[in-house]
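I opened the notebook to go through helix packing, strand pairing and salt bridges in turn. The entries below follow that order.

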Amino acid sequence: MTQQETAPAATARRAGAAPLLQIRGLEVGFRTQGGFVPAVRGVDITLESGGTLAIVGESGSGKSTTAQSIIGLLPGTGQVTAGEIMFDGRDLTKLPESELQDVRGRLIGYVPQDPMSNLNPVWNIGFQVEEAIKANNVAQGRAARQRTIEVLQEAGLRDAGSRLKQYPHQFSGGMRQRVLIGIGLSSRPDLLIADEPTSALDVTVQKTILDHLDTLTRDYGTSVLFITHDLGLAVERAEQLVVMYKGRVVEAGPSREILANPLHPYTQRLVAAAPSLASRRIQSARRPETTRHLDISAVGSIDEALIARADARESAPAKELIRVSDVSKVYRIRQGGFRHTELKAVDEVSFGIDRGTTTALVGESGSGKSTVAKLVLQLESITSGSISVDGKDVARLKGKDLLDFRRRVQPVFQDPYGSLDPLYNVGKTIAEPLEVHDVGDATSRRARVRELLDQVALPTSMVDRYPNELSGGQRQRIAIARALALKPDVIVLDEAVSALDVLVQGQVLNLLTDLQAELGLTYLFITHDLAVVRLIADNVCVMQSGRIVETATTDEVFDAPKTEYTKRLLEAIPGADFQFGR
Amino acid sequence: MPSSTARTAHFVADLDETPVTTTIDVVDETQRARSTWGDAWESMRRRPLFWFSSVLIVFILVVAIFPDLFSRVSPNTGCLLPDSNSGPEAGHPFGFTRQGCDVYSRVVHGAQASILVGFLATAIVAVLGVVVGALAGFYGGFLDGLLSRVADIFFAIPTVLGAIVLISVLPDRTPLVIALVLSLFAWPQIARIMRGAVLSAKSADYVMASTALGVSRFRILLRHVLPNAIAPVIVVCTTLLGTFIVAEATLSFLGIGLPPGTMSWGADIQQATASIRTAPFVLFVPSAALALTVLSFLMLGDVVRDALDPKARARR
């Protein structure tokens, strides 16, 4: 093992067979109050010069910790306890901080996950890029300024020269991520680590950014290490794949081969749960002939009575439960002083939802889909048009009628960390709607809470737990239980599964499907993720800048999209045409 | 060195070494339930500073409520002028004041007035600040504008300066009056903190979820927003208590605090300054008592802040 090598020797080595990055037996752990917790346990990863590799796994699998230990930026009490990280002939775990600083940035670039928080809001973009260039000794003085402009142009900012003096808040999320990629690549590093580089962005933006990253890294011969939870992205952008589970590598190799033919049971499960365009709607017990191979929650027994009831409902003529007609929502935005501008968030939107079906509202951020959800829930007032539920105009409801409407239409929100009061335990949270609507007495409420926990497949012992002790998926199931407490007809799900890991997401989607079959619920499902739509929706409305551009059944939208916009959305889904081995 | 073929081969980990749990996202039922407040208590319980300051505060409170348990000597009767400013002797551990009264006894008996003013003022400020701040932050609009401007007006007046002016025109100077005057100029601080905390709590998703459940606005304020916004107020109040005790001492020192008949640390400090060169211990003892009291409240405030600030907690 050679620790110190001169630059020419290292280059010569790289030209030979030695890989650019070779991690062997890496062990990383964190010191906590409860003792030492291992996060990465004996990981081996090899990345060729000029190659692309993706590490996939759910949150807590150790994929980000592995990446952070490469550049020596482990958070808090984390430390490498064993193994070696050979980069270009040097073991990074044994390098002193001063030398590591030189490697970081100059030889290994890093693109962080969140473009919103990784640029300093008080410095302009030009300053921040120039700082990175100077720090890595790429150029100094006037040349550095010139290089800054080049870097930003390369990163796809067309008018880079004039935007240097702008601040992060004046850039969109996609633009900021381009800036961060530009910083990461500014010194032409040998390796670029991209930690979930696009998970905060819309699919179409994601596609542009990834295409761009592809071009740049191919031009420079940069190796790329992707950290991602998205199997589609991994198969589309990386040649090699490493699947991590609980701190260990469970499967590694060529990504297409692994995902077409997963061998480890964990990979098989990941692949099975990954929603993609090729998947079909999750069927609940109500259509028994399809459940056996498609239902990943493995709902065992099929209740004959349930099927009979579902059949009866399906044979009856569909009855429209929600009607949204020509609804607009205009926000007045203060422009300083007494001036206002008007923002039309929702523009003459019309659609209907039949009882017992799921309608998905899809669109990118800013398309107005969440505003429609709030209008249907009557959390915002309608500017013009009308929404009726079961023939009653919801905008006119007052007092007792409004309370009655609230009982029938319930929401589940996106952020499982924000939608539960942290000071309320599970039992109190689920019982709150019962108390507000004066349903039953204390004893019967407690019984109902237990029943609801059972319905969302959580143990009844959870009643005195607090939200901070639960995982995202568990919280979301609590939110669903709360929504079900009053036996509603309609549930509005606003990005309800977007924040969850694939496996947990699959579990929650299954739960929702089962509940729909069992209770005859009607769902309005708001999401940006078209692949999820295919799993759950009967009908789809595609929204673009406040308008609905396409309405059709799910199969029609996916198999024969009519508008350009829908086609673009579908094409942008990573790994859309890849046939996962299920 | 692994061979180059190992890099492209399809590697699958040994199943025995990487067992996959069959269930997804199960609840760890072995763990004990912990609330946010329970967490805060756990975190405080571990800090020596918490126990140190709490024990000190409890001790000071006991002294304030039952001064006779600690001193049999009368603080203000039976003082003999020949004892004036004389040093410690048996039964009189800290010597005598200029008037010939027992210093130790005066400090013990003086605690009551100082602590009473501190607690009263803090209670008034907390109630007034929380109510005003919560209403302004939660309902917003015109009410917010009105309450915030009123708060700004009082905020602009320095507490002690305002108190001096106001007290000089008041006929009566009971502890309650002093506390009221001090809180009149201090409540905007709490109101501002409360308003900010309420603003951020009311935009939380659980508030929207409760609205959609049919919970009334006022009930949301009472049941969800207030409990989630109260933590910073508790922290500041702990610290404020200390500053109120100082403020009372300052006013008494200036001769416009509690009336001359009432014993208080501030008044004693003022009287002792006359003989600071001949008998410094007469000045030192009440000053030390004052400093120790304020310090213990500040320390407690520190511990409480660490325990209630989720960010500080995450770091540990």
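Is the crossing of α4(B) and α5(B) left-handed or right-handed? I looked it up and found it left-handed, a word used if the near helix is turned anticlockwise from the far one by less than a right angle, with right-handed for clockwise.

Before going further I noted that this is a predicted model, in which local features need pLDDT of at least 70, side-chain atom pairs count only at pLDDT 80 or more, and totals for chains, interfaces and linings use all residues. Residues are numbered from 1 along each chain as its sequence is written, chains are lettered from A and ligands numbered from 1 in the order in which they are written, and side-chain values use heavy atoms, with hydrogens and water left out.

**Helix packing, chain B**

I took helices (H or I, at least four residues) and strands (E, at least two) as DSSP runs, numbered from the N terminus. Helix α4 (residues 103-139) of chain B packs against helix α5 (residues 141-155) of chain B at about 145°, and their axes are 7 Å apart; axes are lines fitted to C-alpha atoms, for helices over the stretch in contact, and angles run from 0 to 180 degrees between N-to-C directions. On the α4(B) side I listed B:Val132, B:Leu135, B:Ala136 and B:Tyr139, and on the α5(B) side B:Gly141, B:Leu143, B:Asp144 and B:Leu147, contact meaning heavy atoms within 4.5 Å. I sorted this contact of α4(B) with α5(B) by class into six nonpolar, one polar and one charged residues, where Ala, Val, Leu, Ile, Met, Phe, Trp, Tyr, Cys and Pro count as nonpolar, Asp, Glu, Lys and Arg as charged, and the others, Gly among them, as polar.

I then turned to helix α12 (residues 280-308) of chain B, whose axis comes within 8 Å of that of helix α10 (residues 231-253) of chain B, the two crossing at roughly 170°. α10(B) and α12(B) are therefore roughly antiparallel to each other, the term for angles over 145 degrees, while under 35 counts as roughly parallel, 65 to 115 as roughly perpendicular and the rest as oblique. Among the residues that meet here are B:Ile234, B:Leu241 and B:Ile245 in α10(B) and B:Phe297, B:Leu298 and B:Arg305 in α12(B). The residues of this contact of α10(B) with α12(B) divide into 14 nonpolar, five polar and one charged.

Helix α11 (residues 265-273) of chain B also packs on α12(B), at about 150° and with the axes 8 Å apart, which makes α11(B) roughly antiparallel to α12(B). I recorded the crossing of α11(B) and α12(B) as left-handed. The contact of α11(B) with α12(B) has eight nonpolar, three polar and one charged residues.

**Strand pairing**

I counted strands as paired if DSSP finds at least two bridges between them. In chain A, strand β1 (residues 21-32) pairs with strand β4 (residues 78-87) in the antiparallel sense over eight bridges, and A:Arg24 has A:Glu84 in β4(A) as its bridge partner. β1(A) also runs antiparallel to strand β2 (residues 35-47) of chain A, joined by 10 bridges, with A:Leu21 opposite A:Leu47 in β2(A) and a hairpin of two residues joining β1(A) to β2(A).

Which strands make up the open sheet of seven strands? I read the order as β6(A)-β7(A)-β8(A)-β3(A)-β9(A)-β10(A)-β1(B), with mixed pairing; its edge strands are β6 (108-111) of chain A and β1 (11-12) of chain B. Two bridges join strand β10 (residues 248-254) of chain A to β1(B), antiparallel, and A:Ala252 stands opposite B:Phe11 there.

**Salt bridges**

I found 39 salt bridges over all chains, each a side-chain nitrogen of Lys or Arg within 4 Å of a carboxyl oxygen of Asp or Glu. One entry is A:Lys63 with A:Glu196, at 4.0 Å from N to O; A:Lys63 lies in helix α2 (residues 63-70) of chain A and A:Glu196 in the loop between β7 (191-195) and α8 (203-220) of chain A, 133 residues apart.
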